[in-house]
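Welcome, and thank you for opening the viewer. Could you show the whole chain as a cartoon and keep the selection tool at hand?

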Amino acid sequence: MSGIGGIIYFDNNKLLIQDSSKLKSALEKRVYDESGQAAGKNFFLCCYQLHTTPESVHEIQPFYINKKNAYIVLDGRIDNRDEIISEFNLELNLTDIEIISVLYQKFDSGLIDHLTGSFSIAIYNDDSKDVLLFRDHAGSKPLFYFYNKKQLIFSSEIGAIKAIH
């Protein structure tokens, strides 16, 4: 079972290496085909991805959107991808995370209104410091979080948050 996680510090503290290591350690216990991470001065994102669709084999996570200076991590799949591709005249070979990227650039947080599937999604904009966390409408993919004014920690594993905080 794949998983995602992240730590964002809002008080411009430098990212603590031990916190990102604890987060990765908790998620590495999951079954996954590929892993990826992105880090900056005050954020760390990671994904441990299990390939569940033919398109997911080609996904690179975290996914970076240059135009928005934003990162996306996805745990899950988009079930209405054919409808979205048709409705928005998108390329047929887009991965689920690329579809989410297109919807985010078009609708910002309203992207969730266009998605059906089993997923948890996190989007972090490094310019605005905005964070968007989504779960599918049925809540089938876990996404736990801890937030205070200084930091946000999220993960598919509750143990990651407990280990950090």
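This tour goes from the sheet to the rings, then to the cores and a few single residues. Please keep in mind that the model is predicted.

**Stop 1: the sheet**

Start by selecting the strands S4, S5, S6 and S7. They form an open sheet of 4 strands in the order S4-S5-S6-S7, and the pairing is antiparallel. Which strands stand at the edges? Colour S4 (63–65) and S7 (131–135): each has a single partner strand, so one side of each has no neighbour in the sheet. As you look from one strand to the next, the twist averages 20°.

Now keep S5 (residues 70–78) and S6 (residues 117–125) on screen. These two strands run antiparallel to one another and are joined over 9 bridges. To see one of these pairings, select Val73, whose bridge partner in S6 is Ala122. In general, strands of a sheet pair through backbone hydrogen bonds, in either the parallel or the antiparallel sense.

**Stop 2: the aromatic rings**

The structure holds 5 aromatic pairs, and two of them are visited here. Select Phe43 and Tyr124 to begin. Their ring centres are 5.0 Å apart and their planes meet at 40°, so this pair is tilted. Phe43 sits in strand S3 (residues 43–49) and Tyr124 in strand S6, so the pair links distant parts of the chain, 81 residues apart. Are these two residues buried or exposed? Phe43 is buried at 1% relative accessibility, and Tyr124 is buried with a relative accessible area of 1%.

For the second pair, move to Phe88 and Phe107. This pair is edge-to-face, with 5.7 Å from centre to centre and 65° between the planes. Phe88 lies in the loop between helix H2 (81–87) and H3, while Phe107 belongs to H3, so the pair ties together parts that are 19 residues apart in sequence. Phe88 counts as buried at 18% relative accessibility, whereas Phe107 is partly exposed at 29%.

Before you leave the rings, select Lys68 and Tyr104. Lys68 lies over the face of Tyr104, at 4.9 Å from the ring centre.

**Stop 3: the cores**

Show the nonpolar side chains next. In soluble globular proteins, such side chains tend to be buried together. How many residues does the largest nonpolar core have? It has 24, and those with the most contacts inside it are Ile72, Ile84, Ile100, Leu111, Leu115, Ile121 and Ile123. S4, S5, H2, H3, S6 and S7 each give two or more residues to this core, and H3 provides the largest share, 5 residues.

Centre the view on Ile100. Not counting residues up to four places away in sequence, Ile100 touches Ile72, Leu74, Ile78, Leu111, Leu115 and Ile121. There is also a second, separate core of 13 residues, which includes Ile8, Ala38, Phe43 and Val73.

**Stop 4: the backbone**

Turn to the backbone atoms now. Most residues other than glycine have a negative phi, and most peptide bonds are trans. Select Gln61 and Pro62: the peptide bond between them is cis, with omega near -5°. Pro62 is in the loop between S3 and S4.

Then pick Asn69, where phi is positive, near 50°. Asn69 sits in the loop between S4 and S5 and counts as buried at 16% relative accessibility. Asp108 also has a positive phi, near 55°. Asp108 is found in the loop between H3 and S6, and at 35% relative accessibility it counts as partly exposed.

**Last stop: Ile161**

Finish at helix H4 (residues 158–164), where you will find Ile161. Ile161 is buried, at 8% relative accessibility. Leaving aside neighbours within four places in sequence, its contacts are Phe144, Tyr145, Phe146, Ile153, Phe154 and Ser155.

Methods: Residues are numbered from 1 along each chain as its sequence is written. This is a predicted model: local features need pLDDT of at least 70, side-chain atom pairs count only at pLDDT 80 or more; totals for chains, interfaces and linings use all residues. Side-chain values use heavy atoms; hydrogens and water are left out. Two strands pair if DSSP finds at least two bridges between them. Axes are lines fitted to C-alpha atoms, for helices over the stretch in contact, and angles run from 0 to 180 degrees between N-to-C directions. Rings of Phe, Tyr and Trp (its six-membered ring) pair if their centres lie within 6.5 Å; planes under 30 degrees apart count as stacked, over 60 as edge-to-face and the rest as tilted. Buried means under 20% relative accessible area, exposed over 50%, partly exposed in between (1.4 Å probe, protein chains only). A charge sits over a ring if NZ of Lys or CZ of Arg is within 6 Å of the ring centre and within 35 degrees of the ring normal. A nonpolar core is a set of buried Ala, Val, Leu, Ile, Met, Phe, Trp, Tyr and Cys residues joined through side-chain atoms within 4.5 Å. Contact means heavy atoms within 4.5 Å.
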